[in-house]
Amino acid sequence: MERASTSVPGAQAIARAAGLLRLVSGGRPDGMALQELAHAADLSRSTTHRLLSALRAEGLVDRDDTTARWMPGPELYLMGNAAAARYDVTALARDIVRSLAVKTEESAFFSVRRADETVCLLREEGAFPIRSFVLSEGVRFPLGVASAGLAILAFLPDHDVDAYLGRHPELASTWGRPHAQKPLRARLAETKERGFAVNPGLIVEGSWGIGAAVFDRHGRPEWALSLTGVEFRFGPDRLAHLGRTLLAHAHELSARIAGARH
């Protein structure tokens, strides 16, 4: 999780604190327990508590005194609003995500790439009554795991893909054998050929997802649209139809982002 160079004074503490902020902001609405955060961050309970207490003093995280669970603090909301003017494109994507959910009747999502992960920014429910709850706002996945991250990774330059896989040899042990380099590279090649990614229940059995990359004005895959649902809704014939609909919406959003002023 630590990304900063240890040659910079204080970089390790900053990297650890930033990692905890990502975990807290991507956690459940009712917060995360100290032990959960320590385990996910690969830190001791005492180090985790010390860092969280420092972040709480700055208003970046908060702690429910009844449940002792940790959650995002008010300063994160203020910082997010300040950054939104430059980085947030959800306003451009919202009606497209809604249209995708209406036309397919599946749950539709808009995710952004953040370093080696994707973060879900928008979720819109479809009309079909059986839904998948693998993904929701704030949830993060490594690139190449969920369909959104698979779509983004597939359209990155080859040297970036090689570097990413070199940084993350743990994908197979954490997410299962289908995420070892050989099968993952095969899915990346299939994604480029097909135009959209397919996740056939690799995160949660029976919950399928498809994703399409959304590009910035320079042709970089920085976001993705995706759909999730139960397996029987993603049969071969319907999968092709869903893929065409997804790609059309992704192309529309890419064009909209390219034409917007930032």
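**Before selecting**

The model is predicted, so local features need pLDDT of at least 70 and side-chain atom pairs count only at pLDDT 80 or more, while totals for chains, interfaces and linings use all residues. Residues are numbered from 1 along each chain as its sequence is written, and side-chain values use heavy atoms, with hydrogens and water left out.

**The whole chain**

Display the protein chain as a cartoon: it contains ten helices and eight strands. Both are DSSP runs numbered from the N terminus, helices being H or I with at least four residues and strands E with at least two. Of the 262 residues, 45% are buried; buried means under 20% relative accessible area, exposed over 50%, and partly exposed in between, with a 1.4 Å probe and protein chains only. Among contacts with a separation of 6 or more, 53% join residues 24 or more positions apart, a contact being heavy atoms within 4.5 Å.

**Helices α2 and α3**

Select residues 34-41 (α2) and 45-57 (α3), whose axes come within 9 Å and cross at roughly 105°. Axes are lines fitted to C-alpha atoms, for helices over the stretch in contact, and angles run from 0 to 180 degrees between N-to-C directions. The two helices, α2 and α3, are therefore roughly perpendicular to each other, the class for 65 to 115 degrees; angles under 35 count as roughly parallel, over 145 as roughly antiparallel and the rest as oblique. Show side chains next: Leu34, Gln35, Leu37 and Ala38 of α2 meet Arg45, Thr48, His49 and Leu52 of α3. This contact of α2 with α3 comprises four nonpolar, three polar and one charged residue. Ala, Val, Leu, Ile, Met, Phe, Trp, Tyr, Cys and Pro count as nonpolar, Asp, Glu, Lys and Arg as charged, and the others, Gly among them, as polar.

**Helices α6 and α9**

Move to α6 and α9, which pack at an angle of about 75° with their axes 9 Å apart. That makes α6 roughly perpendicular to α9. On the α6 side, select Leu150, Ala151, Leu153 and Ala154; on the α9 side, Leu184, Arg187, Leu188, Thr191 and Lys192. By class, the contact of α6 with α9 has six nonpolar, one polar and two charged residues. How many of the residues of α6 are buried? Eight of its eight residues are, including Ser147, Gly149 and Ile152.

**Phe155 and Phe215**

Select Phe155 and Phe215, an edge-to-face aromatic pair with 5.8 Å centre to centre and 85° between the planes. Rings of Phe, Tyr and Trp (its six-membered ring) pair if their centres lie within 6.5 Å; planes under 30 degrees apart count as stacked, over 60 as edge-to-face and the rest as tilted. Phe155 lies in the loop between α6 and α7, and Phe215 in strand β7, 60 residues apart. Phe155 is partly exposed at 26% relative accessible area, and Phe215 is partly exposed at 22%.

**Ser254**

From Phe215, turn to Ser254, which touches Ala213, Val214 and Phe215, not counting residues up to four places away in sequence. Ser254 is in helix α10 (residues 236-259) and is buried, at 11% relative accessibility.

Select Arg194 and Phe196: the charged end of Arg194 sits over the ring of Phe196, 5.5 Å from its centre. The rule requires NZ of Lys or CZ of Arg within 6 Å of the ring centre and within 35 degrees of the ring normal.
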